[in-house]
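Subject: Structure handover

Hello,

Here is the structure for you to look through. Please open it first, then read my notes below.

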Amino acid sequence: MYCKKKYCSLQAITRYYINSKTAVYYAYLKSYWLKPFSSSPYWISVRQRDDEGGNSLTRLECTLETINMAVAKKVASFRLPPLPTVGELIKLYNLRAEKQLSQNFLLDLRLTDKIVRQAGCLNNAHVCEVGPGPGGITRSILNAGAADLLVVEKDSRFIPGLKLLSEAAPGKLRIVHGDILTYRMDRGFPTDISKPWDQEPPNLHIIGNLPFSVSTPLIIKWLENVANRTGPFAFGRTRLTLTFQKEVAERLTASTGSRQRSRLSIMAQYLCTVHNCFTIPGRAFVPKPEVDVGVVHFTPLLQPRIQQPFKLVEKVVRNVFQFRRKHCHKGLQKLFPEARRAELTQEMMQEADVDPLLRPTELSIPHIQALADAYAGLCRREPGLLSYEFREELRLRRLGTGNSPAADARP
Ligand SMILES: C[S@@+](CC[C@H](N)C(=O)[O-])C[C@H]1O[C@@H](n2cnc3c(N)ncnc32)[C@H](O)[C@@H]1O
């Protein structure tokens, strides 16, 4: 192998087969002496052994971009070499989107760059991408300068295409074939990247465009991890940039009194700064989903705005929002066994100093904090209350047993 340009020496060349007849070559050039303003293409000649044992000479055009990449490597930034487009990869590996897995791909790299920019500066960052699929966002993360990208993909059909990307970004891309809902992210990165909670966030980011059926349970799980400083948050205040169905993104960021205010708004905002970055129209995806998509950025707060265990806050919030159009005391009553409902609800509302006639959507986080504190106080006094579940009582009643463990809870 040699390079025709006088001042350009070839460091390495990698070959990827598209099929048995066509191959794509990436040249890694050592090119400190190249004139930066030259617009002429550079030609690399590659001698190849053919099937009969003979030699053939292939002339490859090498753009300044490729060369810049080699130079940039020396100054600590990185661009992927020219690759088959995401669309070509989808065709190449026959990656038909599976409707039952809600797969919708982003092929426009300007859009994937824009999503990745919402994460902030990724230079030398550690990143976990969830659900990389054919790798559009993956490319943008690598081009943004991530030093270590771990991708977790459930569908094995995407693994060969991701391996191709990994070869084009040597040492930067690690591939896990697995399910993000069970993957132990606390084991996925070196512990020395951790930052104490009360300092700046670690240089670790989670980015992903997941199916909506996964992203909502996943954010609930990760919010619990934020509260307990476990999972990805064992490293500190790891930031998240994730996509959601537009309506869910609106709920996550809805303020007090707005129509979209919901359980998710409270749970996300008591633990994180949440920012709805921008909306991607459904037509930007292939195939086009029925809905538009919101990109949401989360930074865990230094101090949660409600100082009670996650499960207790979640229980209060779930109950208060079960009748979202009614006065808030209606839902809160269901925290207590029927026999003592009126008495304990009144005590809780008085202790919290919250107007029982407010609608759930009108409750601010300080309101919820006061309610959670009052409920926690009652549970300390009458421990049986904490395990009481209104729906469980209903279920038992339907089965005809009628007894709930907390029904007689008294000091
Ligand atoms: C909506 S597609 C997006 C693909 C790609 N990120 C993009 O933007 O074009 C969601 C991807 O997440 C993957 N996925 C779905 N559930 C997953 C899970 N539980 N764990 C990991 N990956 C999952 C799918 O296989 C698919 O590749």
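Two residues are in contact when heavy atoms of theirs lie within 4.5 Å. Keep that in mind for the packing described next. Keep in mind, too, that this is a predicted model.

**Overview**

The chain holds 13 helices and 14 strands. Of its 411 residues, 49% count as buried. Take the contacts with a separation of 6 or more: residues 24 or more positions apart account for 65% of them.

**Helix α9**

Start with α9, which covers residues 310-320. Nine of its eleven residues are buried, so the helix is largely enclosed by the rest of the structure. The buried residues are Phe 310, Leu 312, Val 313, Glu 314, Lys 315, Val 316, Val 317, Asn 319 and Val 320. What do they pack against? Their partners are α6, α8 (263-269), α10 (328-333) and α12.

**Helix α12**

Leu 371 sits in α12. Its relative accessibility is 0%, so Leu 371 counts as buried. Beyond its neighbours within four places in sequence, Leu 371 touches Val 316, Leu 332, Met 348, Met 349, Ala 352, Val 354 and Leu 363. One of these, Val 316, is also on the list of buried residues in α9. Leu 371 and Pro 337 are 34 residues apart in sequence, and their C-alpha atoms are 17 Å apart in space.

Now look at the loop between α12 (365-381) and α13 (390-399), where you will find Glu 382. Is Glu 382 buried or exposed? It is buried, because its relative accessible area is 2% and the cut-off for buried is under 20%. The side chain of Glu 382 makes a polar contact of 2.5 Å with the side chain of Arg 340.

**Strand β10**

Next comes β10, residues 204-208. Five of its five residues are buried, so β10 is largely enclosed by the rest of the structure. In a regular strand, side chains alternate between the two faces of the sheet. In β10, Leu 204, Ile 206 and Gly 208 point one way. His 205 and Ile 207 point the other way.

Which strands pair with β10? One is β7 (residues 126-130), which runs parallel to β10 and is joined to it by five bridges. Here Val 130 has Gly 208 as its bridge partner. Another is β11 (residues 239-245), also parallel, with four bridges. In that pairing His 205 stands opposite Arg 239. From β10 the chain crosses through helix α6 (residues 212-228) to β11, and this β-α-β crossover is right-handed.

**The nonpolar cores**

How many residues does the largest nonpolar core have? It has 66, and Trp 222 and Phe 298 have the most contacts inside it. Helix α12 gives the largest share of this core, nine residues. Domain 2 (86-300) and domain 3 (310-408) each supply at least three residues.

Leave aside the neighbours of Trp 222 within four places in sequence. Trp 222 is then in contact with Val 130, Ile 180, Met 185, Ile 206, Pro 232, Phe 233, Leu 240 and Leu 242. Among them, Ile 206 is one of the buried residues of β10. A second, separate core has 38 residues, including Phe 78, Leu 83, Ala 146 and Ala 169.

**Loops to look at**

Gly 236 is buried, with a relative accessible area of 4%. Gly 236 and Pro 300 are 64 residues apart in sequence, with their C-alpha atoms 8.8 Å apart in space. Arg 229, in contrast, is partly exposed, at 40%. Its phi is near 55°, a positive value in a residue other than glycine.

Asp 353 also has a positive phi, near 60°. Asp 353 lies in the loop between α11 (341-352) and α12. Asp 353 is exposed, because its relative accessible area is 68% and exposed means over 50%.

Last, look at Pro 287, in the loop between β13 (285-286) and β14 (293-300). A cis peptide bond joins Val 286 and Pro 287, with omega about -10°.

Best wishes

How values were computed:
Residues numbered from 1 in each chain as written. Predicted model: local features only at pLDDT ≥ 70, side-chain atom pairs only at ≥ 80, totals over all residues. Heavy atoms only, no water. Buried < 20%, exposed > 50% of the residue type's maximum accessible area, 1.4 Å probe, protein only. Helix = DSSP H or I, 4+ residues; strand = E, 2+ residues; numbered from the N terminus. Pairing = 2+ DSSP bridges. Right-handed = clockwise from strand over helix to strand, strands pointing away. Polar contact = N/O pair within 3.5 Å; in protein donor to acceptor, adjacent residues only side chain to side chain. Core = buried A, V, L, I, M, F, W, Y, C linked by side-chain atoms within 4.5 Å. Domains from an automatic or database assignment.
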